[in-house]
Amino acid sequence: MPDTLRVLSLDGGGIRGIVPALVLAAIEEETGHPIAEDFDLIAGTSTGGILAVGLTIKGPDGRPKYSAKQLAELYRQRGGDIFHASVWDKIRHAGNLNGPKYGCAGLEKVLQDFFGDARLKDAVTDVLVTSYEIDQVRDPFFFRSRRAIQNPLYDFPARSVARATSAAPTYFEPAKLVANPGDTVPYYALVDGGVFANNPAMCAYAEARATKPDCAILLASVGTGQATEKLSYDQAKGWGLIGWARPVLDVVFDGVADTVDYQLKLLLPGKAQYFRFQTPLDAGEDAMDDVSPANLARLVATADKLVQDRRDDIRQLCEALTAARPAVPA
């Protein structure tokens, strides 16, 4: 029997990241281990990238610093700091028409508070975080802890990785990441990886195959909720640049996520090989930046229902994860 590589993938979705955080908290409760100790590779995009980084930050004892439950509290307690627009921002950007909806200071302060000076190379398990470079190379940009260990050029502060992956167009300005000494470019201009991989599970699958081609793969993918609000033809047929600016981003994010799910169902057809945890969202719950107490309560209730509805699948996943845990040396 080949060894099994345990892979976790976390979708983007802004404040809706509280949903996968609570699903992961249920998995931790079931296994009795931090998420990072039950997976060999954790991939994330946008809010999922923040979770991936947070779950693998090393604590003083060498084990993961944060549990999934603690990261769920990040959304509850600091969501309003992340998605905060000052009066000056609103005036300067004409209500989001000629600038990002939010300043980046609040997001960067939260990331600094939670991730401090931790670096990508120090992740307690392998991490893959997506972003997209718009200035220097105009290509997908992957932050990989394995590469950061091998080459200092690709090692960055964890907070910078999280900032880059979550720079959603129209919501936040791109992240300007100063390149390390010796690189061929002075900086990278990075936006949210959701523009090409809002569901990074296929990226994670490819990374796993490239890293250990002979291993079996057990892949768990967790979404932030499926938007169900319809885009009316009668309205959309009259939209131009301004009308499509925000809806097209949601269409791209959802379309990519669903396509990857379809592909992986074909590549990993065994029920014990691929687990996708996703749930429909009621109208009004799908906003990426609604940090009102009422919406947060709705998202928590949605996550709780997903956990209850998929309890048997969560147990089956946890059993598979436990069975695939590396043997402890005698």
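I looked up Thr259 and found it partly exposed, at a relative accessible area of 41%. My cut-offs, with a 1.4 Å probe and protein chains only, are under 20% for buried, over 50% for exposed, and partly exposed in between. Thr259 sits in helix α12, residues 241–267. Helices (H or I, at least four residues) and strands (E, at least two) are DSSP runs, numbered from the N terminus.

A note on the source: this is a predicted model, where local features need pLDDT of at least 70 and side-chain atom pairs count only at pLDDT 80 or more, while totals for chains, interfaces and linings use all residues. Residues are numbered from 1 along each chain as its sequence is written, and side-chain values use heavy atoms, leaving out hydrogens and water.

Next I asked myself: is Asp126 buried or exposed? Asp126 counts as buried, with 19% relative accessibility. I placed Asp126 in strand β3, residues 126–133. Beyond its neighbours within four places in sequence, I found Asp126 in contact (heavy atoms within 4.5 Å) with Asp40, Leu41, Ile42, Ser145 and Arg146.

I noted that the largest cavity holds about 170 Å³ of space. A cavity here is a set of points on a 1 Å grid, over the protein atoms alone, where a 1.4 Å probe fits but cannot get out, and lining residues have an atom within 4 Å of a point; the volume is the space filled by probe spheres set on the points, which are joined across faces, edges and corners. Of the 16 residues lining the largest cavity, Gly14, Ser46, Phe83, Ser166 and Phe172 are the closest to its centre. I saw that α4 gives the most to this lining, with 3 residues.

Conventions: On a 1 Å grid over the protein atoms alone, a cavity is a set of points where a 1.4 Å probe fits but cannot get out, and a pocket is an open set with protein on both sides within 12 Å along at least five of seven lines; lining residues have an atom within 4 Å of a point.
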